[in-house]
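Trainee: I would like to learn how the words used for a protein model are tied to values and cut-offs. Could we go through some of them together, one term at a time?

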Amino acid sequence: MIVKTYCARMDHGGCGILAHVENGRMTKIEGDPDSPLNRGTICAKGLAQLEKLNHPDRLKYPMKRAGERGEGKWNRISWDEALETIVGKIRETIERDGPRAISFAQGTPKGLELFLLIRLANILNIPNISTPGHVCHMPRETASTLTCGFFPIPDYDHPPACVVVWGSNLFQTNEEGILGSQLKRALDHRAKLIVIDPRKTAVVSRANLWLQPRPGTDLALALGILRVIIDKDLYERAFVEEWTKGFPELKEHLQQYSLDKVSEITWISKEKIIEVAHLFSQTKPASIQWGNALEHNPNSFQCARALLILMAITGNLDVPGGNVNRPGPPIMRPGELVQIKKFPDKKEKILSPEFRLSTMMGFVPSQLIVKAILTEKPYPIRMMYIQGGNPLLSYANSMETFRAMKKLHFLAVSEIFLTPTAQLADIVLPAATNFEFDDIGHFGLPHGFILARPKIVEPMGESWPDSNILNELGKRLGYGQYFWNDMRECLDEILKPVGVTYDDFKSLSILKGKWEYRGYKKKGFNTPSKKVEIYSQQLKEWGYDPFPSYEDLPESPLLKEYPLIFTSAKDPFYFHSAYRNIPSLRKLSPEPIVLIHPDTATHFGVDEGDWVSIETKQGTIRQKAKLNKEIDPRVIVLSFGWWFPERNDLELSGWKESNLNILTSNDPPYEPAIGSTSLRAVPSRISKSQGF
């Protein structure tokens, strides 16, 4: 039997796949050539889902800590004991310290589990939910909402004539099956390609123009490009005059960003800044494919604002081949699912009221959770519930995160494997994989569609879907009126507004919204002024800069002692810190690699293949040297997310040996509105080291 479904949980998901099933077991995975999203393309991670599903190291039953936290001693317990223990700890913590003393945390969301976690938190009046949002997607999404009222995505259905890939490596990471294949089709139609990235990624092989900025200076570069376009009258005058607010003031604002200044900040020549401004503005239609890398510094939100303004003034917003609005189908809205009506009661208790955009999205920047646990200011956090996340690897300042996890009175983790973070838990819950339960993919995302991800095989051992766990916790806590008899009822309720059941949805496979171009001509943009708000009065009233303004990174005083700047790259064969234990993927990428320019390596006495110590003022790790003449000699590129599941001889499976977040800080400065931290563009130095 072959079942059509969509990839999930190995990355952001969305590629159509064919799952071969025999006698209740999956035997093969291949790309679905009929899928409109990926047209049969499938990556190594997609193929490796079969190994993950049947992996011998999967968590199969709930466990309770038997020894000291992190000692690795466990007792198997029943689901009833596990859930009642968690329920008891929630009630005990609320009674003693109030709901603000509990934090829920989510890793990268991949289905409905995030929304059900927020629902449970909102019903319990728990204010502090930690997600990767402040450094992943939310700076772009909130900037889009405030600037033009929708999240603009590249329109590959009507191939653009020019694409800017900015801080994204579509051919190798995360969504390469969907976006990478769509970009390749656009390039096959002879689209011009501009790539902006400090590293020569695979996408650069197809580029007409490659700009290599100093890590962390993307906002300065965007402002320089805007200045050229405006000074040389390369913008779409009719659109600007009718559909934007604040353009004359922007022109004045940009006078402080001379090309000489921008070139000095970014390491990009004036000639190249002018060239990219001309190519993008004069090649119609054009789109920008922006990536997560832009969100890893305190300029994240305003950088996204600058790129939105760039889309707008060149006339590329919501036009065929530009950056378009893709509303989803009219199903239950995320706010209704998460019981957002409960949220206003929490605002005065939340840890991050100063980060208004984070609060609006319903989450707290993770560093504030960590600091509240350690300092008990402005109040203590005693308990955490974490699902699908590995904070010891993913939060900035891993050593401080470790101390916080150790200090908690109670920690529960729902996971597929025993990650370093899960090894610190008091209760570990075995999570089901995506093939073992019914789910809806891309719910709440601004891509214009949702995907049916049906159950294909029975869960391994006693594993449960995260959604089932949360539903059961809600009922056991006494809030059955807000939850469901089973998750099929939930799925049917979400789909009810479009008149289909989940069984119907499985047959349909995908549901799209009503898509059209230039929707603003009917109702204007979904902003207070009904225009693209280059000048944002809302930001001004909230105490933030109404224009994108570049703030220099806090690295300069350190460069004498730490002369190199490190940035990082996601490994194409893993998803963040996950799946180092899957044999086929580990064979493709067996070790953490640091890219070093040959001249830099010679200066520091490092050869190809040497283990290298990378040091910042925060700490030291080791990765293996790979020489690369295409990077700037002042820059090194580290691998992200490394731990060693096979190394039982190392503390928590080697969580700190090569983990780049040992090197990052979770101290200010933060992005003022959303709380982004500096995960890249960090001053560092290197030396030859020994392996481990």
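Mentor: Let us start with Cys 303, which has its place in helix α12, residues 300-313; a helix here is a DSSP run of H or I with at least four residues, strands being runs of E with at least two, and both are numbered from the N terminus. The model is a predicted one, in which local features need pLDDT of at least 70 and side-chain atom pairs count only at pLDDT 80 or more, while totals for chains, interfaces and linings use all residues. Residues are numbered from 1 along each chain as its sequence is written, and side-chain values use heavy atoms, with hydrogens and water left out.

Trainee: Why is Cys 303 called buried?

Mentor: Buried means under 20% relative accessible area, exposed means over 50%, and partly exposed lies in between, with a 1.4 Å probe and protein chains only. Cys 303 has a relative accessible area of 2%, and therefore it counts as buried. Leaving out residues up to four places away in sequence, Cys 303 touches Asp 218, Leu 219 and Leu 294, where contact means heavy atoms within 4.5 Å.

Trainee: How do you know that Thr 142 is buried?

Mentor: Thr 142, found in helix α5 (residues 138-147), has 5% relative accessibility, so it counts as buried. Beyond its neighbours within four places in sequence, Thr 142 is in contact with Phe 301, Leu 357, Met 361 and Ile 674.

Trainee: What lies 3.3 Å from a polar atom of the side chain of Thr 142?

Mentor: That is the backbone oxygen of Pro 139.

Trainee: What makes α18 largely enclosed by the rest of the structure?

Mentor: Of the 11 residues of α18, 8 are buried, and therefore the helix is described as largely enclosed. Among these buried residues are Ile 469, Leu 470 and Leu 473, and the buried residues of α18 pack against several elements, including α3, α4 (113-124) and α19 (487-495).

Trainee: Why are α3 and α18 called oblique to each other?

Mentor: The axes of α3 (residues 79-97) and α18 (residues 466-476) come within 10 Å and cross at roughly 60°, the axes being lines fitted to C-alpha atoms, for helices over the stretch in contact, and the angles running from 0 to 180 degrees between N-to-C directions. Angles under 35 degrees count as roughly parallel, over 145 as roughly antiparallel, 65 to 115 as roughly perpendicular, and the rest as oblique. The two helices α3 and α18 are therefore oblique to each other.

Trainee: Which class do α7 and α11 belong to, and why?

Mentor: Helix α7 (residues 218-231) and helix α11 (residues 270-282) pack at an angle of about 65°, with their axes 9 Å apart, and they are therefore roughly perpendicular to each other. The contact is made by residues including Leu 221, Ile 225 and Val 228 of α7 and Ile 273, Ile 274 and Ala 277 of α11.

Trainee: What makes α15 oblique to α17?

Mentor: The axes of α15 (residues 366-375) and α17 (residues 398-407) come within 9 Å and cross at roughly 55°, and that makes α15 oblique to α17. In this contact, Val 370, Lys 371, Ile 373 and Leu 374 of α15 meet Glu 400, Thr 401, Arg 403, Ala 404 and Lys 407 of α17.

Notes. Polar contact = N/O pair within 3.5 Å; in protein donor to acceptor, adjacent residues only side chain to side chain.
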